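Please open the structure in your viewer and keep the selection tool at hand.

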Amino acid sequence: MTLNLLHIDASARPGLSGTDPHGSHTRRLSARFVERWLAARPDDRIDHLDVGQHPPGYVDSRWIHAAFTAPSDREPWMADVLAESDRLVDQLVAADLIVVGLPMYNFSVPAQFKAYIDNIVRVGRTFGFERARGAVPYWPMLADAGKRMVLLGARGDHGYDPGGRIAHLNHTEASVRSVFGYIGITDVHEAAVECDEFGGEQLAQSMQKAEAAVDRLVDELSGTKAPARAPAASTHPASRTATA
């Protein structure tokens, strides 16, 4: 069965670390995932969304007015205000697997990705609300869709994973899990590179581990072991200037 993969990049930096000057670690990881996925499943459809370079519009009062007006009562201008959000929701609904290159910015997600979240968490589209349901009037509308998500992160320091020395400061993956769980996407997998601020061998070793984790995720989630191939950027130590 052909699957739809939605590939989202949230880094403000273009290019790939190890290949382009000042390139992005998360773009490097997400590109590796997609490349290996297509090697295993060449007939699957890839839809790339670059919110890092082209962020969605931020929610404003007109957006709120339109989104919380019943579709049957909306005025013509409301359709224009919600057009981008509708497109992003349609894209998400069509996806079987969502792969996100998600750097940590100041302990949480980039503003560009938060804007994306605010556009796709929509009453009547991705979550339901009905006062008659009583104390719990909300429900996730994507809960039975079988969607899976992969978060591929990058962090300047190290020790952000569960049990790590500064895990309490990591509000990146946890916040995304909360948001997407709210709309019904709970099958979430993660891999991340750390030590960007340290550079050198520490960063190179962390990148090697992250890329190995990406490869394992592709094998696990694709259901078909990807053909062996010579690694690309991972053979080169990541530069000190490369970042999320």
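**First stop: Arg-27**

Select Arg-27 and display its surroundings: leaving aside neighbours within four places in sequence, Arg-27 is in contact with Asp-9, Ser-11, Arg-13, Pro-14, Gly-15, Leu-16, Asp-50, Gly-52 and Gln-53. Please bear in mind that this is a predicted model. Arg-27 belongs to helix α1, which covers residues 25–40. Is Arg-27 buried or exposed? Arg-27 counts as buried because its relative accessibility is 6%, and the limit for buried is under 20%.

**The whole chain**

Next, select the entire chain in a cartoon view. The protein chain has seven helices and seven strands. Starting at the N terminus, the order of elements is β-α-β-α-α-α-β-α-β-β-β-α-β-α. Computed along the principal axes would be one way to orient the view; the C-alpha atoms fill a box of roughly 60 × 40 × 35 Å along these axes. Of the 244 residues, 46% are buried. The accessible surface comes to about 11,700 Å², and 54% of this surface belongs to carbon and sulfur atoms. Among contacts with a separation of 6 or more, 74% are between residues 24 or more positions apart.

**The largest nonpolar core**

In soluble globular proteins, nonpolar side chains tend to be buried together. To see this core, select Ile-8, Leu-92, Ile-98, Phe-113, Tyr-116, Met-149 and Phe-180, which touch the most other members of the largest nonpolar core, a group of 26 residues. Two or more residues of this core come from each of β1 (4–9), α4 (83–94), β3 (97–103), α5 (111–120), β6 (148–154) and α6 (173–182). Which element gives the most to this core? It is α5, with four residues.

Centre the view on Met-149. Beyond residues up to four places away in sequence, Met-149 touches Leu-97, Ile-98, Val-100, Val-176, Phe-180, Ile-185, Asp-187, Val-188 and His-189. A second, separate core has 21 residues, including Ala-154, Leu-203, Ala-213 and Val-214.

**Helix α5**

Return to α5, where seven of the ten residues are buried. Select these buried residues: Gln-112, Phe-113, Ala-115, Tyr-116, Ile-117, Asn-119 and Ile-120. Among the elements that cover them are β1, β2 (45–50), α2, α4, β3 and α6.

**A nonpolar patch on the surface**

Now select Val-59, Ile-64 and Phe-68, which form a nonpolar patch on the surface with about 280 Å² of accessible area together. Ile-64 lies in helix α2, residues 61–67. With a relative accessible area of 42%, Ile-64 is partly exposed.

**Two residues with positive phi**

Most residues other than glycine have a negative phi. Select His-22, which is not a glycine and has a positive phi of about 60 degrees. His-22 is found in the loop between β1 and α1, and its relative accessibility of 41% makes it partly exposed.

Finally, select Cys-195, in the loop between β7 (187–193) and α7 (200–222). Phi of Cys-195 is also positive, near 75 degrees. Cys-195 is buried, with a relative accessible area of 8%.

How values were computed: Residues are numbered from 1 along each chain as its sequence is written. This is a predicted model: local features need pLDDT of at least 70, side-chain atom pairs count only at pLDDT 80 or more; totals for chains, interfaces and linings use all residues. Side-chain values use heavy atoms; hydrogens and water are left out. Patches are made of residues with over 30% relative accessible area and no salt bridge: like charges are joined within 9 Å, nonpolar side chains (Val, Leu, Ile, Met, Phe, Trp, Tyr) within 5 Å. Accessible areas come from the Shrake-Rupley method with a 1.4 Å probe; for residues, only the protein chains shown count as cover. A salt bridge is a side-chain nitrogen of Lys or Arg within 4 Å of a carboxyl oxygen of Asp or Glu. Buried means under 20% relative accessible area, exposed over 50%, partly exposed in between (1.4 Å probe, protein chains only). Contact means heavy atoms within 4.5 Å. A nonpolar core is a set of buried Ala, Val, Leu, Ile, Met, Phe, Trp, Tyr and Cys residues joined through side-chain atoms within 4.5 Å.
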